[in-house]
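Please look over the sequence and the model below.

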Amino acid sequence: MHIALLGRQPELSIAELERVFTKVSWFSPQTALIDTDEAIDIQKLGGSQKIGRVILEVDSTEWRHVSGALVKHYAKIWSVAAGKITLGLSAYDFKLSPRELQKSGLILKSKLKSGGVSLRLVPNQEVALSTATSHHNKLGLSDNKVELLIIRGKNSTIIAESIGAQNITALAARDQGRPRRDAFVGMLPPKLAQIMINLAGPLAADPTQDLAQPRVLDPFCGTGVLLQEAMLMGYDVYGTDLSEKMIRYSRENLNWLQDKYQLTGHWYLHEGDATDTKWQQPIAAVVTETYLGQPFSAPPSSAKLTEVRGNCNHIIGGFLKNLSKQLKPGTPVVLAVPAWKDKSDNFTHLPLTTKIEDYGFKRMTLTTVDADRLMYFRPDQVVARELLLLTVK
Ligand SMILES: C[S@@+](CC[C@H](N)C(=O)[O-])C[C@H]1O[C@@H](n2cnc3c(N)ncnc32)[C@H](O)[C@@H]1O
(Lines give C-alpha, C1' and ligand atoms only; values in the text may rest on other atoms or scores of the structure.)
Protein backbone atom coordinates (compact mmCIF):
# COMPACT_ATOMS: atom_id res chain seq x y z
CA MET A 1 0.00 0.00 0.00
CA HIS A 2 1.17 3.52 -0.83
CA ILE A 3 -0.11 6.96 0.07
CA ALA A 4 0.13 10.07 -2.10
CA LEU A 5 0.14 13.68 -1.00
CA LEU A 6 -1.98 15.29 -3.69
CA GLY A 7 -1.35 18.58 -5.48
CA ARG A 8 -3.12 21.93 -5.48
CA GLN A 9 -6.13 20.46 -7.25
CA PRO A 10 -6.61 17.18 -5.36
CA GLU A 11 -9.53 15.98 -7.50
CA LEU A 12 -7.42 16.09 -10.63
CA SER A 13 -4.53 14.44 -8.82
CA ILE A 14 -6.60 11.55 -7.55
CA ALA A 15 -8.22 11.10 -10.98
CA GLU A 16 -4.72 10.75 -12.42
CA LEU A 17 -3.79 8.13 -9.83
CA GLU A 18 -6.99 6.17 -10.40
CA ARG A 19 -6.36 6.01 -14.16
CA VAL A 20 -2.81 4.76 -13.59
CA PHE A 21 -3.25 2.39 -10.64
CA THR A 22 -7.03 1.61 -10.62
CA LYS A 23 -7.27 0.72 -6.91
CA VAL A 24 -7.17 4.19 -5.41
CA SER A 25 -9.22 5.78 -2.61
CA TRP A 26 -9.32 8.98 -0.57
CA PHE A 27 -7.63 8.88 2.84
CA SER A 28 -8.03 12.58 3.68
CA PRO A 29 -8.92 15.66 1.59
CA GLN A 30 -5.27 16.03 0.51
CA THR A 31 -4.16 12.39 0.34
CA ALA A 32 -5.02 9.17 -1.46
CA LEU A 33 -4.25 5.51 -0.83
CA ILE A 34 -2.87 3.50 -3.72
CA ASP A 35 -3.34 -0.22 -3.36
CA THR A 36 -0.14 -1.40 -5.03
CA ASP A 37 3.21 -2.69 -3.88
CA GLU A 38 4.81 -2.10 -7.26
CA ALA A 39 7.56 0.50 -7.57
CA ILE A 40 6.13 3.96 -8.31
CA ASP A 41 8.02 6.67 -10.19
CA ILE A 42 6.74 9.94 -8.76
CA GLN A 43 8.53 11.98 -11.44
CA LYS A 44 6.00 10.65 -13.94
CA LEU A 45 2.98 11.75 -11.89
CA GLY A 46 2.17 15.45 -12.37
CA GLY A 47 -0.44 15.60 -9.61
CA SER A 48 1.35 14.07 -6.60
CA GLN A 49 3.73 16.08 -4.43
CA LYS A 50 5.08 13.17 -2.40
CA ILE A 51 4.43 9.45 -2.24
CA GLY A 52 5.22 7.07 0.60
CA ARG A 53 5.09 3.36 1.33
CA VAL A 54 2.64 2.80 4.19
CA ILE A 55 4.43 1.39 7.24
CA LEU A 56 2.00 1.84 10.12
CA GLU A 57 -1.59 2.79 10.65
CA VAL A 58 -2.10 4.14 14.16
CA ASP A 59 -5.60 3.86 15.51
CA SER A 60 -5.66 7.44 16.77
CA THR A 61 -5.56 11.00 15.48
CA GLU A 62 -3.92 12.42 18.61
CA TRP A 63 -0.34 13.48 18.19
CA ARG A 64 0.95 12.00 21.46
CA HIS A 65 -0.31 8.52 20.50
CA VAL A 66 1.04 8.84 17.00
CA SER A 67 4.40 10.12 18.21
CA GLY A 68 4.62 7.27 20.74
CA ALA A 69 3.91 4.63 18.10
CA LEU A 70 6.42 6.18 15.70
CA VAL A 71 9.25 6.34 18.24
CA LYS A 72 8.58 2.77 19.43
CA HIS A 73 8.57 1.36 15.90
CA TYR A 74 11.69 3.09 14.64
CA ALA A 75 13.70 2.71 17.86
CA LYS A 76 13.31 -1.04 17.32
CA ILE A 77 13.77 -1.17 13.53
CA TRP A 78 16.85 1.07 13.52
CA SER A 79 18.50 -0.37 16.64
CA VAL A 80 20.51 -2.57 14.27
CA ALA A 81 21.08 0.05 11.56
CA ALA A 82 24.48 0.20 9.94
CA GLY A 83 25.71 3.75 9.36
CA LYS A 84 24.20 7.09 10.05
CA ILE A 85 20.53 7.71 9.40
CA THR A 86 19.19 11.01 8.08
CA LEU A 87 15.56 11.57 9.07
CA GLY A 88 13.04 14.15 7.92
CA LEU A 89 9.61 14.42 9.50
CA SER A 90 6.55 15.79 7.73
CA ALA A 91 3.19 15.90 9.47
CA TYR A 92 -0.08 16.68 7.69
CA ASP A 93 -3.36 17.88 9.18
CA PHE A 94 -2.16 17.95 12.79
CA LYS A 95 -2.38 21.03 14.98
CA LEU A 96 1.27 20.97 15.82
CA SER A 97 4.26 23.30 15.91
CA PRO A 98 7.53 22.44 14.15
CA ARG A 99 9.13 22.32 17.62
CA GLU A 100 6.72 19.69 18.90
CA LEU A 101 7.35 17.65 15.80
CA GLN A 102 11.14 17.92 16.19
CA LYS A 103 10.76 16.84 19.81
CA SER A 104 9.51 13.42 18.68
CA GLY A 105 12.53 13.16 16.41
CA LEU A 106 14.87 14.10 19.27
CA ILE A 107 13.37 11.42 21.55
CA LEU A 108 13.99 8.85 18.83
CA LYS A 109 17.50 10.19 18.30
CA SER A 110 18.42 9.82 21.96
CA LYS A 111 16.97 6.28 22.16
CA LEU A 112 19.02 5.23 19.15
CA LYS A 113 22.11 6.95 20.45
CA SER A 114 22.10 4.86 23.62
CA GLY A 115 22.31 1.80 21.37
CA GLY A 116 25.17 3.31 19.35
CA VAL A 117 23.16 4.35 16.27
CA SER A 118 23.49 7.92 15.09
CA LEU A 119 20.68 9.90 13.55
CA ARG A 120 20.67 13.32 11.88
CA LEU A 121 17.35 15.10 12.05
CA VAL A 122 16.53 17.46 9.17
CA PRO A 123 15.42 20.76 10.78
CA ASN A 124 11.76 21.62 10.32
CA GLN A 125 10.97 25.24 9.34
CA GLU A 126 7.41 24.03 8.89
CA VAL A 127 5.60 20.90 10.10
CA ALA A 128 5.92 19.47 6.61
CA LEU A 129 9.21 19.66 4.74
CA SER A 130 8.94 21.37 1.37
CA THR A 131 9.45 19.16 -1.68
CA ALA A 132 12.61 21.21 -2.33
CA THR A 133 14.03 20.36 1.14
CA SER A 134 13.13 16.68 0.67
CA HIS A 135 14.95 16.73 -2.63
CA HIS A 136 17.96 18.62 -1.39
CA ASN A 137 18.47 16.05 1.39
CA LYS A 138 17.83 13.16 -1.04
CA LEU A 139 15.21 11.84 1.34
CA GLY A 140 13.57 8.64 0.23
CA LEU A 141 16.26 7.92 -2.33
CA SER A 142 18.34 5.51 -0.23
CA ASP A 143 17.80 3.22 2.75
CA ASN A 144 19.42 5.49 5.31
CA LYS A 145 17.86 8.79 4.18
CA VAL A 146 14.27 8.63 5.28
CA GLU A 147 11.35 11.04 5.30
CA LEU A 148 8.34 9.98 7.32
CA LEU A 149 5.00 11.26 6.10
CA ILE A 150 2.66 11.35 9.07
CA ILE A 151 -0.84 11.85 7.78
CA ARG A 152 -3.88 12.37 9.95
CA GLY A 153 -7.08 10.90 8.56
CA LYS A 154 -10.59 10.99 10.00
CA ASN A 155 -10.18 8.14 12.49
CA SER A 156 -6.60 7.02 12.18
CA THR A 157 -3.13 8.20 11.22
CA ILE A 158 -0.87 6.74 8.58
CA ILE A 159 2.90 6.73 8.87
CA ALA A 160 4.60 6.20 5.51
CA GLU A 161 8.19 6.24 4.29
CA SER A 162 8.54 8.62 1.38
CA ILE A 163 9.78 7.13 -1.88
CA GLY A 164 10.46 10.59 -3.27
CA ALA A 165 9.11 14.07 -3.84
CA GLN A 166 8.19 15.84 -7.03
CA ASN A 167 11.32 17.43 -8.46
CA ILE A 168 10.10 20.97 -9.11
CA THR A 169 13.57 22.20 -10.05
CA ALA A 170 13.83 19.63 -12.84
CA LEU A 171 10.34 20.48 -14.07
CA ALA A 172 11.15 24.19 -14.13
CA ALA A 173 14.51 23.61 -15.83
CA ARG A 174 12.79 21.60 -18.54
CA ASP A 175 10.14 24.24 -18.98
CA GLN A 176 12.48 27.21 -19.06
CA GLY A 177 15.36 25.48 -20.83
CA ARG A 178 13.42 24.70 -24.01
CA PRO A 179 14.79 26.69 -26.95
CA ARG A 180 11.33 27.79 -28.09
CA ARG A 181 8.56 29.20 -25.95
CA ASP A 182 5.62 31.30 -26.99
CA ALA A 183 3.73 33.28 -24.39
CA PHE A 184 0.98 34.19 -26.83
CA VAL A 185 -0.29 30.68 -27.54
CA GLY A 186 -0.15 30.15 -23.80
CA MET A 187 1.92 27.49 -22.22
CA LEU A 188 0.69 24.31 -20.77
CA PRO A 189 2.31 23.68 -17.36
CA PRO A 190 4.40 20.47 -17.68
CA LYS A 191 2.74 19.04 -14.55
CA LEU A 192 -0.68 19.40 -16.16
CA ALA A 193 0.67 17.80 -19.33
CA GLN A 194 1.78 14.79 -17.26
CA ILE A 195 -1.60 14.59 -15.54
CA MET A 196 -3.41 14.68 -18.89
CA ILE A 197 -1.21 11.97 -20.41
CA ASN A 198 -1.79 9.75 -17.38
CA LEU A 199 -5.54 10.41 -17.54
CA ALA A 200 -5.50 8.69 -20.92
CA GLY A 201 -4.52 5.58 -18.92
CA PRO A 202 -1.83 2.99 -19.48
CA LEU A 203 -1.44 2.72 -23.26
CA ALA A 204 -0.54 -0.25 -25.43
CA ALA A 205 1.14 -0.19 -28.83
CA ASP A 206 -0.78 -1.41 -31.87
CA PRO A 207 0.51 -5.00 -32.39
CA THR A 208 0.09 -4.73 -36.18
CA GLN A 209 2.55 -1.84 -36.38
CA ASP A 210 6.25 -2.15 -35.83
CA LEU A 211 6.70 1.20 -34.10
CA ALA A 212 8.21 0.39 -30.73
CA GLN A 213 5.98 2.40 -28.40
CA PRO A 214 2.33 3.46 -28.25
CA ARG A 215 1.92 6.81 -29.99
CA VAL A 216 0.20 9.86 -28.51
CA LEU A 217 -1.33 12.47 -30.84
CA ASP A 218 -1.61 16.18 -29.98
CA PRO A 219 -3.54 17.96 -32.79
CA PHE A 220 -3.04 21.46 -31.26
CA CYS A 221 0.59 20.87 -30.35
CA GLY A 222 1.74 24.52 -30.11
CA THR A 223 5.32 24.59 -28.86
CA GLY A 224 5.13 20.91 -27.96
CA VAL A 225 4.98 20.82 -24.14
CA LEU A 226 2.62 17.88 -24.13
CA LEU A 227 4.66 16.03 -26.75
CA GLN A 228 7.78 16.57 -24.67
CA GLU A 229 6.26 15.17 -21.51
CA ALA A 230 4.80 12.19 -23.40
CA MET A 231 8.23 11.40 -24.86
CA LEU A 232 9.80 11.58 -21.42
CA MET A 233 7.16 9.12 -20.24
CA GLY A 234 8.32 6.67 -22.91
CA TYR A 235 5.72 7.24 -25.62
CA ASP A 236 6.19 7.97 -29.31
CA VAL A 237 4.55 11.26 -30.20
CA TYR A 238 2.72 12.84 -33.10
CA GLY A 239 1.93 16.55 -33.24
CA THR A 240 -0.04 18.68 -35.67
CA ASP A 241 -0.92 22.38 -35.54
CA LEU A 242 -2.48 24.94 -37.84
CA SER A 243 0.56 27.17 -37.60
CA GLU A 244 3.76 26.48 -39.51
CA LYS A 245 5.65 28.45 -36.88
CA MET A 246 4.39 26.21 -34.07
CA ILE A 247 5.47 23.08 -35.96
CA ARG A 248 8.91 24.61 -36.38
CA TYR A 249 9.05 25.45 -32.65
CA SER A 250 7.93 21.96 -31.65
CA ARG A 251 10.58 20.46 -33.92
CA GLU A 252 13.33 22.52 -32.30
CA ASN A 253 12.06 21.70 -28.82
CA LEU A 254 11.83 17.97 -29.46
CA ASN A 255 15.30 17.87 -31.02
CA TRP A 256 16.65 19.62 -27.94
CA LEU A 257 14.81 17.28 -25.58
CA GLN A 258 15.92 14.16 -27.38
CA ASP A 259 19.55 15.28 -27.22
CA LYS A 260 19.43 16.41 -23.63
CA TYR A 261 17.70 13.34 -22.24
CA GLN A 262 19.11 10.79 -24.72
CA LEU A 263 15.62 9.65 -25.69
CA THR A 264 15.12 6.95 -28.26
CA GLY A 265 11.39 7.48 -28.94
CA HIS A 266 10.03 8.52 -32.34
CA TRP A 267 8.29 11.78 -33.14
CA TYR A 268 6.42 13.05 -36.14
CA LEU A 269 5.08 16.55 -36.87
CA HIS A 270 3.18 18.25 -39.64
CA GLU A 271 0.98 21.25 -40.25
CA GLY A 272 -2.74 20.66 -40.23
CA ASP A 273 -6.11 22.16 -39.35
CA ALA A 274 -7.58 19.94 -36.63
CA THR A 275 -11.06 20.33 -38.13
CA ASP A 276 -10.14 18.59 -41.38
CA THR A 277 -6.69 16.96 -41.13
CA LYS A 278 -6.38 13.28 -41.85
CA TRP A 279 -4.02 11.83 -39.26
CA GLN A 280 -1.79 8.84 -39.82
CA GLN A 281 -2.27 5.71 -37.77
CA PRO A 282 -1.35 4.31 -35.33
CA ILE A 283 -2.83 6.50 -32.60
CA ALA A 284 -3.00 4.97 -29.12
CA ALA A 285 -4.45 8.10 -27.49
CA VAL A 286 -5.19 11.74 -28.20
CA VAL A 287 -4.12 14.17 -25.50
CA THR A 288 -4.30 17.87 -26.18
CA GLU A 289 -4.84 21.34 -24.90
CA THR A 290 -7.14 22.68 -27.62
CA TYR A 291 -7.53 26.23 -28.79
CA LEU A 292 -8.47 28.26 -25.69
CA GLY A 293 -9.63 31.46 -27.40
CA GLN A 294 -8.13 34.82 -26.55
CA PRO A 295 -6.61 35.40 -23.11
CA PHE A 296 -8.43 37.72 -20.68
CA SER A 297 -7.05 39.51 -17.64
CA ALA A 298 -10.57 40.47 -16.43
CA PRO A 299 -13.92 38.78 -17.06
CA PRO A 300 -15.21 39.83 -20.54
CA SER A 301 -18.57 41.48 -21.24
CA SER A 302 -21.37 39.04 -21.88
CA ALA A 303 -21.41 39.92 -25.59
CA LYS A 304 -17.69 39.25 -25.85
CA LEU A 305 -18.00 36.02 -23.89
CA THR A 306 -20.78 34.81 -26.21
CA GLU A 307 -18.59 35.55 -29.21
CA VAL A 308 -15.44 33.83 -27.88
CA ARG A 309 -17.34 30.86 -26.53
CA GLY A 310 -19.15 30.40 -29.86
CA ASN A 311 -15.90 30.60 -31.76
CA CYS A 312 -14.14 28.05 -29.53
CA ASN A 313 -17.15 25.75 -29.62
CA HIS A 314 -17.13 25.88 -33.42
CA ILE A 315 -13.42 24.99 -33.74
CA ILE A 316 -13.34 22.34 -30.99
CA GLY A 317 -16.66 20.85 -32.15
CA GLY A 318 -15.34 20.61 -35.73
CA PHE A 319 -12.19 18.98 -34.40
CA LEU A 320 -14.13 16.39 -32.37
CA LYS A 321 -16.29 15.40 -35.33
CA ASN A 322 -13.22 15.04 -37.54
CA LEU A 323 -11.38 13.06 -34.88
CA SER A 324 -14.03 10.54 -33.79
CA LYS A 325 -14.47 9.16 -37.28
CA GLN A 326 -10.73 8.45 -37.58
CA LEU A 327 -10.19 6.56 -34.33
CA LYS A 328 -10.92 3.03 -33.17
CA PRO A 329 -13.75 2.66 -30.64
CA GLY A 330 -12.40 2.79 -27.10
CA THR A 331 -9.43 5.06 -27.94
CA PRO A 332 -8.88 7.42 -24.98
CA VAL A 333 -9.11 11.16 -25.71
CA VAL A 334 -8.16 13.67 -23.02
CA LEU A 335 -8.77 17.33 -23.79
CA ALA A 336 -8.24 20.60 -22.02
CA VAL A 337 -10.89 23.02 -23.28
CA PRO A 338 -11.64 26.55 -22.10
CA ALA A 339 -14.22 27.54 -19.46
CA TRP A 340 -14.58 31.14 -18.30
CA LYS A 341 -14.68 32.14 -14.65
CA ASP A 342 -16.57 35.25 -13.48
CA LYS A 343 -15.97 37.34 -10.35
CA SER A 344 -18.11 35.04 -8.19
CA ASP A 345 -16.18 31.99 -9.37
CA ASN A 346 -19.01 30.68 -11.56
CA PHE A 347 -17.95 28.98 -14.74
CA THR A 348 -19.37 29.34 -18.23
CA HIS A 349 -18.72 26.08 -20.04
CA LEU A 350 -18.55 25.28 -23.74
CA PRO A 351 -21.96 24.13 -25.07
CA LEU A 352 -20.40 20.95 -26.49
CA THR A 353 -19.46 19.70 -23.00
CA THR A 354 -23.07 18.63 -22.42
CA LYS A 355 -23.44 17.00 -25.84
CA ILE A 356 -20.34 14.86 -26.05
CA GLU A 357 -22.25 11.85 -27.42
CA ASP A 358 -23.30 13.87 -30.49
CA TYR A 359 -19.64 14.17 -31.44
CA GLY A 360 -19.00 10.44 -31.29
CA PHE A 361 -17.58 10.14 -27.75
CA LYS A 362 -18.47 8.75 -24.34
CA ARG A 363 -17.31 10.08 -20.98
CA MET A 364 -14.97 7.98 -18.86
CA THR A 365 -16.26 7.23 -15.37
CA LEU A 366 -14.17 7.26 -12.22
CA THR A 367 -14.92 6.06 -8.70
CA THR A 368 -12.96 8.65 -6.71
CA VAL A 369 -14.36 11.82 -8.33
CA ASP A 370 -17.06 13.09 -10.64
CA ALA A 371 -15.14 12.99 -13.92
CA ASP A 372 -17.63 15.30 -15.63
CA ARG A 373 -16.42 18.63 -14.31
CA LEU A 374 -12.70 18.44 -13.71
CA MET A 375 -11.26 21.92 -13.74
CA TYR A 376 -7.71 23.27 -13.66
CA PHE A 377 -7.22 26.94 -12.87
CA ARG A 378 -5.37 29.42 -10.74
CA PRO A 379 -7.39 31.81 -8.57
CA ASP A 380 -6.51 34.84 -10.71
CA GLN A 381 -7.28 33.22 -14.06
CA VAL A 382 -10.33 34.09 -16.16
CA VAL A 383 -9.81 31.34 -18.73
CA ALA A 384 -9.78 28.05 -16.86
CA ARG A 385 -9.11 24.67 -18.41
CA GLU A 386 -11.82 22.07 -18.23
CA LEU A 387 -10.59 18.52 -18.69
CA LEU A 388 -12.73 16.20 -20.79
CA LEU A 389 -12.02 12.50 -20.26
CA LEU A 390 -13.48 10.69 -23.23
CA THR A 391 -13.32 7.51 -25.24
CA VAL A 392 -14.42 7.03 -28.82
CA LYS A 393 -17.89 5.41 -29.10
C1 LIG B 1 -3.57 26.71 -26.43
S2 LIG B 1 -2.43 26.47 -27.72
C3 LIG B 1 -1.73 24.95 -27.33
C4 LIG B 1 -0.48 25.20 -26.58
C5 LIG B 1 0.36 24.00 -26.36
N6 LIG B 1 -0.32 23.04 -25.49
C7 LIG B 1 1.66 24.42 -25.76
O8 LIG B 1 1.87 24.21 -24.56
O9 LIG B 1 2.48 25.01 -26.46
C10 LIG B 1 -3.41 26.20 -29.07
C11 LIG B 1 -2.70 25.89 -30.39
O12 LIG B 1 -3.76 25.57 -31.29
C13 LIG B 1 -3.40 25.99 -32.59
N14 LIG B 1 -4.65 26.04 -33.36
C15 LIG B 1 -5.64 26.94 -33.33
N16 LIG B 1 -6.63 26.58 -34.17
C17 LIG B 1 -6.28 25.39 -34.72
C18 LIG B 1 -6.88 24.49 -35.63
N19 LIG B 1 -8.06 24.75 -36.18
N20 LIG B 1 -6.21 23.36 -35.95
C21 LIG B 1 -4.99 23.09 -35.40
N22 LIG B 1 -4.38 23.92 -34.56
C23 LIG B 1 -5.01 25.05 -34.21
C24 LIG B 1 -2.65 27.28 -32.39
O25 LIG B 1 -1.74 27.51 -33.45
C26 LIG B 1 -1.93 27.02 -31.05
O27 LIG B 1 -0.62 26.57 -31.28
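## Aromatic contacts

Which residues form one aromatic cluster? They are F220, W279 and F319. The model is predicted. Across the whole structure, a search finds six aromatic pairs. F347 and F377 make an edge-to-face pair, with 5.3 Å centre to centre and 65° between the planes. This pair links distant parts of the chain, 30 residues apart. F347 belongs to strand β14 (residues 347–348), while F377 sits in the loop between β16 (374–376) and β17 (383–392).

F347 has 25% relative accessibility, so it counts as partly exposed. F377 also counts as partly exposed, because its relative accessibility is 22%.

## Charges over rings

Two rings carry a charge. The charged end of R152 sits over the ring of F94, 5.9 Å from its centre. For K321, the charged end sits over the ring of Y359, 5.0 Å from the centre.

## Ligand site

The ligand is surrounded by 21 residues. The closest are T223, D241, D273, A274 and E289. By class, the shell holds 11 nonpolar, seven polar and three charged residues.

A side-chain N or O atom of T223 is 2.8 Å from a ligand oxygen. A polar backbone atom of L188 lies 3.2 Å from an oxygen atom of the ligand. A ligand nitrogen is 2.8 Å from a backbone N or O atom of A274. Taken alone, the ligand exposes 600 Å², and the protein buries 92% of that.

## Helix α7

Helix α7 (residues 225–232) is largely enclosed by the rest of the structure, because seven of its eight residues are buried. These are V225, L226, L227, Q228, E229, A230 and M231. G234 follows α7 and has a positive phi, near 100°.

Key:
Residues are numbered from 1 along each chain as its sequence is written. This is a predicted model: local features need pLDDT of at least 70, side-chain atom pairs count only at pLDDT 80 or more; totals for chains, interfaces and linings use all residues. Side-chain values use heavy atoms; hydrogens and water are left out. Buried means under 20% relative accessible area, exposed over 50%, partly exposed in between (1.4 Å probe, protein chains only). Helices (H or I, at least four residues) and strands (E, at least two) are DSSP runs, numbered from the N terminus. A residue is near a molecule or strand if one of its heavy atoms lies within 4 Å of it. A polar contact is a pair of N or O atoms within 3.5 Å; within protein, one must be able to donate a hydrogen and the other to accept it, and residues adjacent in sequence count only if both atoms are side-chain atoms. Accessible areas come from the Shrake-Rupley method with a 1.4 Å probe; for residues, only the protein chains shown count as cover. Ala, Val, Leu, Ile, Met, Phe, Trp, Tyr, Cys and Pro count as nonpolar, Asp, Glu, Lys and Arg as charged, and the others, Gly among them, as polar. Rings of Phe, Tyr and Trp (its six-membered ring) pair if their centres lie within 6.5 Å; planes under 30 degrees apart count as stacked, over 60 as edge-to-face and the rest as tilted. A charge sits over a ring if NZ of Lys or CZ of Arg is within 6 Å of the ring centre and within 35 degrees of the ring normal.
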